[in-house]
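User: I would like to go through this model with you, one topic at a time. Could you take my questions as they come?

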Amino acid sequence: MTSPNPNPRVLVIGAGPSGLAIAQGLKKASIPCTVFERQPQNLESRDWGMLLHWGTPYLLKTLPPELQARIHEPRVDPHYDYSEPPKRMNIQTGEVVGRSVGENLVRVSRRKLRNFLIEGVDVRWEKRLADVRVGEGGVTAVFEDGSEEVGQLLVGSDGGRSRVREVLLGVEAARSEETPFTMMNFSEAKYTAEQARFLRSVHPIVQLGYHPGEKCVAFLAAIDTADPDPAGWRFQNFISWAGPPSTKDLEDPMARAHFWKEKAANFCEPFRTAVLNIDDSAVPPIDALKQWAPRYWDNLGGRLTLAGDAAHSMVPNRGQGLNNAVQDASCIVDAVVSVVKGESTLKDAIDTYEAEMKPRGKKEVEMSYEAARITSRLIDVPMGYEYNLDKDSTARGVKAAGGKSGTGWD
Ligand SMILES: Cc1cc2nc3c(=O)[nH]c(=O)nc-3n(C[C@H](O)[C@H](O)[C@H](O)COP(=O)(O)OP(=O)(O)OC[C@H]3O[C@@H](n4cnc5c(N)ncnc54)[C@H](O)[C@@H]3O)c2cc1C
């Protein structure tokens with residue numbers, strides 16, 4: 001038992017799901033916390049849909065009762081009951097070849113989740129972290145605008161290109177690793193009411209799959225269905241592939257759109273209608289998929305740590321990044337609470353958090369990469385019907401021994 005530390009201030013860098021969930025959990029425990037975000041408040045952040053499943057209990061634990069009661073709000077369609085799991089298709093033939101299953105599985109919009117988690121927490125906008133200093137009295141965050149803030153713990157929740165990670169490990173060791181995969185991910189597509197209804201006809205939320213001829217993974221998902229008029233619904237279109245063309249080859253937005261539409265002309269419905277009717281003026285973002293697995297770092301007496309994608313960036317093929325991010329958030333809140341209660345020193349509490357998070361994050365970075373190789377058919381494995389997303393599932397979507405269900409891809 002150490003003496004209680006009644007007044008620690010936690011600095012969180014990054015207002016993504018992990019940083020905001022930490023802020024919610026600390027607020028619930030009456031522990032001062034400020035989130036610093038590089039973007040302006042009114043900027044509509046880039047959106048995409050995410051499967052939230054085994055992470056739900058961790059997220060709920062960080063939330064006050066009034067937000068727990070509204071947990072359905074960030075869903076892409078708050079009214080859908082998920083009685084039918086998302087379908088996996090052969091996008092060349094249109095055959096339904098399986099489904100994705102997981103505990104508590106729902107699909108949330110990143111933008112809606114962020115707006116939901118911001119409620120009631122102290123966020124300072126347009127504060128881009130430049131550097132961190134650790135001294136006797138605590139930790140100082142130095143921002144690009146020259147301002148400084150002092151706290152007892154600083155958490156880097158600043159995503160896959162984390163500046164805090166660079167401070168902890170140096171720029172070289174913090175650099176994300178290239179993978180062979182490139183993605184285009186466009187979440188702003190709108191259609192006529194008739195088309196919009198048609199796009200939700202195979203599955204009301206998300207349908208995903210692989211095109212053997214075009215050698216690409218694709219999914220089509222509703223991302224915001226709040227408008228009573230289907231012409232106001234927003235959809236997400238995603239495609240990824242291994243090898244060329246690279247982001248550099250498709251720098252020109254016209255070439256990029258042309259590349260996607262050319263592939264989509266060979267997609268089955270409703271994927272074809274979805275891509276071919278994306279407005280010609282739209283500029284679909286393109287990204288090289290990168291990854292970074294946690295490793296040794298000196299947390300400087302427990303003053304500095306990482307959470308979410310900053311701690312473990314994974315390719316999105318297994319839908320695990322958000323789920324791990326909210327577990328990190330919940331565990332960091334527990335760690336800080338134990339310090340405040342005098343049950344642990346800051347050093348011991350953060351060491352304990354990292355001892356659990358690092359192997360979990362490393363394993364999932366590796367499994368997500370393996371899953372990307374499987375779903376992109378770089379590894380040829382026979383297809384099973386169910387792809388299980390639970391925490392104890394394998395890269396092939398099979399529940400580990402003793403698990404409840406799932407035939408996986410074996
Ligand atoms: C296409 C796609 C699909 C995905 N699907 C799923 C899924 O189905 N299920 C799932 O679990 N996960 C999924 N993920 C992963 C998920 O989106 C991430 O794991 C999750 O968003 C990580 O949250 P985060 O808060 O750690 O980081 P982020 O969401 O990246 O937030 C980081 C924040 O930090 C800010 N920031 C960065 N640098 C600084 C700085 N220097 N100073 C201040 N602020 C800074 C950024 O502006 C940003 O707001 C998907 C990802 C993609 C790209």
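User: How many of the 20 residues of α10 are buried?
Analyst: In this predicted model, 17 of the 20 residues of α10 are buried, and the helix is mostly covered. Buried means under 20% relative accessible area, exposed means over 50%, and partly exposed lies in between, with a 1.4 Å probe and protein chains only. Helices are DSSP runs of H or I with at least four residues, strands are runs of E with at least two, and both are numbered from the N terminus.

User: Before we go on, what are the ground rules for the values?
Analyst: Residues are numbered from 1 along each chain as its sequence is written, and side-chain values use heavy atoms, with hydrogens and water left out. Local features need pLDDT of at least 70 and side-chain atom pairs count only at pLDDT 80 or more, while totals for chains, interfaces and linings use all residues.

User: Back to α10: what span should its 20 residues have, and how far apart are the ends?
Analyst: Helix α10 covers residues 321-340 and should span 28 Å at 1.5 Å a residue; its end C-alpha atoms are 29 Å apart, which agrees. The expected span is 1.5 Å times one less than the number of residues.

User: What takes a positive phi just after α10?
Analyst: G342 does, with a phi of about 80 degrees.

User: And how does α10 pack with α11?
Analyst: Helix α11 (residues 346-375) packs with α10 at an angle of about 165 degrees, and the two axes are 8 Å apart. The pair is therefore roughly antiparallel, and the crossing is right-handed. Axes are lines fitted to C-alpha atoms, for helices over the stretch in contact, and angles run from 0 to 180 degrees between N-to-C directions. Angles under 35 degrees count as roughly parallel, over 145 as roughly antiparallel, 65 to 115 as roughly perpendicular, and the rest as oblique. A crossing is right-handed if the near helix is turned clockwise from the far one by less than a right angle, and left-handed if anticlockwise.

User: Does the span of α11 agree or disagree with its 30 residues?
Analyst: It agrees: the 30 residues of α11 should span 44 Å at 1.5 Å a residue, and the end C-alpha atoms are 42 Å apart. Just after α11, R377 takes a positive phi of about 60 degrees.

User: Where does α1 come in?
Analyst: The axes of α1 and α10 come within 8 Å and cross at roughly 30 degrees, so the two helices are roughly parallel. Their crossing is right-handed.
Helix α1 (residues 17-28) also packs with helix α4 (residues 110-118), at about 25 degrees and with axes 9 Å apart. That pair is likewise roughly parallel, but the crossing of α1 and α4 is left-handed.

User: New topic: how many disulfides are there?
Analyst: The search of the whole structure finds zero, a disulfide being a pair of cysteine sulfur atoms within 2.5 Å. For C33, the nearest cysteine sulfur is that of C331, 16 Å away. For C216, it is that of C268, 11 Å away. C33 is buried at a relative accessible area of 13%, and C216 is buried at 1%.

User: Where is A293, and is it buried or exposed?
Analyst: A293 lies in the loop between β16 (286-291) and β17 (304-306). A293 is buried, with a relative accessible area of 17%. Its C-alpha atom is 8.3 Å from that of K363, 70 residues away along the chain.
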